[in-house]
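Visitor: Hi, could you walk me through this one? I have a few quick questions.

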Amino acid sequence: MKVVLKHLYKRFPSRNKDGKEVIAVNDFDFEIPDGKLIGLLGPSGCGKSTTLNLISGLEKASDGRIFFGEDDVTDLPPERRGVGLVFQNYALYPHLTVRNNIIFPLQNLKGKDKMTKEAMYAKADEVAKLVQIESYMDRKPSELSGGQQQRVAIARALVKVPKVLLLDEPLSNLDARLRLQTREEIRRIQRNTGVTTIFVTHDQEEAMSISDLIVVMKDGTIQQIDKPQNVYDNPVNLFVAKFLGTPPINVFEGEVKGGRLFIGDQDVLAMKNVDDRKVWVGVRPEGFILDENGPLVCDLTAVEIMGRDTSVVSTHPAFTGVQIRSIIDTAENKVDQDAEKVRFSLKPYKVHIFDHETEERILVEG
Ligand code: ADP
Ligand code: MG
């Protein structure tokens, strides 16, 4: 089931003294393709949960329409939209067994949808298998790990065969290892069921690893919608460039002069077809090449060898952050740890330049 948002807005009355309303969702206008997993990504407070709540019907839109397929669902209450919801806190009923938690949404079906107990149990067994909790059906939630509880919550969201599955930071309460495992589970479950899924997270790595498409948001506005790799390789602005990637992109003060890109007074790259101007220069950590004659000269702070990768930590007067992190192949590592300087040349496709004022990306030809 595709989901279409048409000029969707959500305004909240102010909660502060300034009296200014909050536009939590500002003119969202895009389509979520049928059967895909789409990640809503952005920092805390950017409007992710509000967007999800508008789609589920828990919040009423201030303006705009929401369609499931061809059906306008904007004015439908949540229970008539056919969505499955999973939140950060698993919200299972503590006194019910896993089985009874899962069948809970089926128990109040009325009329022709009413199910027998046997049919409900059969359905519960089916979704329990899908999320691999079939051996815990008689346990109480307190007898399960966090990851298992979250899988029960997912099973409960799937049992009515939702048109759309909505997950709001479902992994945030899990420890690192479980988070990794459960996100792979979610991806697998989504593939197997083919249910259109919207996954909210503030964790860029999580969004990158799981989504078919990422929607990057900031302050209630959409910055970019694209495949994860495209967002990483072609960020539309400095915010998006900085939000995606670990270690983060390295940002320098720079200038384009006479078809060359300068960082400080160091001429680092050719930059054809760009007029002379001040710019922000973003260099991905993997964009540095150790080069003893390289144009970018940095002060070496540390060399951290981490198995396959080596992280070279350095500083530069034109750098905007604290420490430059460049990642190089350990096998290629020829940094003298005791040296004062380290020199790099740059891979052009790993360098992005941004307008100094608007912070929009400046596209460079060739
Ligand atoms: P996220 O899920 O991305 O962290 P939210 O959607 O929860 O962000 O919130 C977006 C913005 O809307 C925030 O500025 C938040 O303070 C505001 N907001 C959310 N709910 C309400 C509400 N019920 N009343 C007033 N402001 C709200
Ligand atoms: Mg939220």
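Visitor: Which residues does Lys350 touch, not counting those up to four places away in sequence?
Guide: Lys350 touches Tyr232, Asp233, Gly282, Val283, Arg284, Glu286 and Gly287, where contact means heavy atoms within 4.5 Å. This is a predicted model, where local features need pLDDT of at least 70, side-chain atom pairs count only at pLDDT 80 or more, and totals for chains, interfaces and linings use all residues. Residues are numbered from 1 along each chain as its sequence is written, chains are lettered from A and ligands numbered from 1 in the order in which they are written, and side-chain values use heavy atoms, with hydrogens and water left out.

Visitor: Is Lys350 buried or exposed?
Guide: Lys350 is buried, at 13% relative accessible area; the cut-offs are under 20% for buried, over 50% for exposed and partly exposed in between, with a 1.4 Å probe and protein chains only.

Visitor: What does the side chain of Lys350 make a polar contact with?
Guide: With the side chain of Glu286, at 2.9 Å. A polar contact is a pair of N or O atoms within 3.5 Å; within protein, one must be able to donate a hydrogen and the other to accept it, and residues adjacent in sequence count only if both atoms are side-chain atoms.

Visitor: New topic: where does Gln149 lie?
Guide: In helix α4; helices are DSSP runs (H or I, at least four residues), numbered from the N terminus. Gln149 counts as buried because its relative accessibility is 16%.

Visitor: And what does Gln149 touch?
Guide: Tyr90, Leu92, Pro141 and Leu144, leaving out residues up to four places away in sequence. A polar atom of the Gln149 side chain lies 3.4 Å from the backbone oxygen of Pro141.

Key: Helices (H or I, at least four residues) and strands (E, at least two) are DSSP runs, numbered from the N terminus.
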